[in-house]
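Please have a look at the slide first, and then I will talk you through a few places in it.

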Amino acid sequence: MNRDCFHRLVKLFTVQNRLQETHTLTVQEQLMMFLTMVAHGDSNRRTSYEWKHSGETVSRYMDTISSHLVQLASRFIVPPDFNDVSTVIAENRRFYPYFQGCVGAIDGTHIPCVVDADVAAAYRNRKGFTSQNVMAVVDFEMKFTYLVAGWEGSCHDARVLNVATSNPAFMFPHAPEGKYYLVDAGYKNKPGFLAPFRGQNYHLHDRRREDGDRRKEMFNYRHASLRNVIERTFGVWKSRFRILRGIPRYPLEKQRNIVIACAVLHNFIKLFSSEEAVFNPEDDAVDDGNAQDDVGEASTQQQQQQQQREESNDMGHIRDHIANAMWNDRLD
């Protein structure tokens, strides 16, 4: 965060008296103390020592500022412009015109959390540590356009999406007809959500194989390459806010608020510190992370049945149309 961006943040918190100067701390100091904690992941005790204030004061400002940032989420985490085609797509012949209806990418990520023993089982994810499952939607400028936090670590990504899209209280930004989000193989291919073909390889070295459906492999590779923006966004987000690698032992609601607050700050920095190199990674490598694992433990037969159901719906036809167009253009 550069100096101008920080001053904008201070103004944002003072213009409506969200923070007020005290006899011991200015508004700038209050915000700097908070930013130091979330950026470096410092503990309450360390921050208390560094700033020469009590642990109660540090905790209070962490709670106050994160709560205010959550209130500002609707202002800085906004749905994408569904009428716009991102320049990332429009200016790349690998993606345009095939993905011109794409408005973003969706995925989940796990943020380590500290919970009481009586609920630890619910928050323990498949990797063995307790976490909250965070689902996000990002655009191709690496900004969050939707985020829901606080789900138990044992909850599958697909379930989080299903609840968020079916319950109006979550205010999910549904894509209009003809538009869609990119999702990985752990989600269903259904209206508004375009998933890759199941059972097809799509890493670069795999595409050199002679077996398999090359048409589907090409689609999956380009789909993964475009969807990779959400993996890169998560990487930038967690690198910038190291508190996300291990939030201190706060109440669960406070831990959830910190996650949302960091997402708001991520977008705020993206808006007002666009020159920062961390937001302009040139790496276009395909990194699917746990995409294949997210399919779960379903048998090959179950995956084939799911694939057949997906191919019979509207998004299945759209996916086939895109795959055919890509392959035909390659042959021309």
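Predicted model: local features only at pLDDT ≥ 70, side-chain atom pairs only at ≥ 80, totals over all residues.

Residues are numbered from 1 along each chain as its sequence is written, and side-chain values use heavy atoms, with hydrogens and water left out.

Let me begin with helix H8, which covers residues 157-166; helices here are DSSP runs of H or I with at least four residues, strands are runs of E with at least two, and both are numbered from the N terminus. Which residues of H8 are buried? They are Asp157, Ala158, Val160, Leu161, Ala164 and Thr165, where buried means under 20% relative accessible area, exposed means over 50%, and partly exposed lies in between, using a 1.4 Å probe and protein chains only. These residues sit on the same side of H8, because they cover an arc of only 160 degrees around the axis, the arc being that of the directions from the helix axis to the C-beta atoms. Their cover includes strands S1 (102-112), S2 (131-138), S3 (144-152) and S5 (193-194).

Now to threonine 36, which belongs to helix H2, residues 27-40. A polar atom of its side chain lies 2.7 Å from the backbone oxygen of methionine 32. Leaving aside residues up to four places away in sequence, threonine 36 touches Gly41, Asp42 and Trp51, contact meaning heavy atoms within 4.5 Å.

As for the cysteines, the structure holds 0 disulfides, a disulfide being a pair of cysteine sulfur atoms within 2.5 Å. Cysteine 5 is buried, with a relative accessible area of 0%, and cysteine 113 also counts as buried, at 6%.

Finally, the backbone. Most residues other than glycine have a negative phi, and most peptide bonds are trans. Tyrosine 96 and proline 97, however, are joined by a cis peptide bond with omega of about 10 degrees, and proline 97 lies in the loop between helix H6 (87-90) and S1. Methionine 142, in the loop between S2 and S3, has a positive phi near 65 degrees and is buried at 3% relative accessibility. Methionine 171, in the loop between H8 and strand S4 (180-182), has a positive phi of about 50 degrees, yet counts as exposed at 68% relative accessibility.

Key
Polar contact = N/O pair within 3.5 Å; in protein donor to acceptor, adjacent residues only side chain to side chain.
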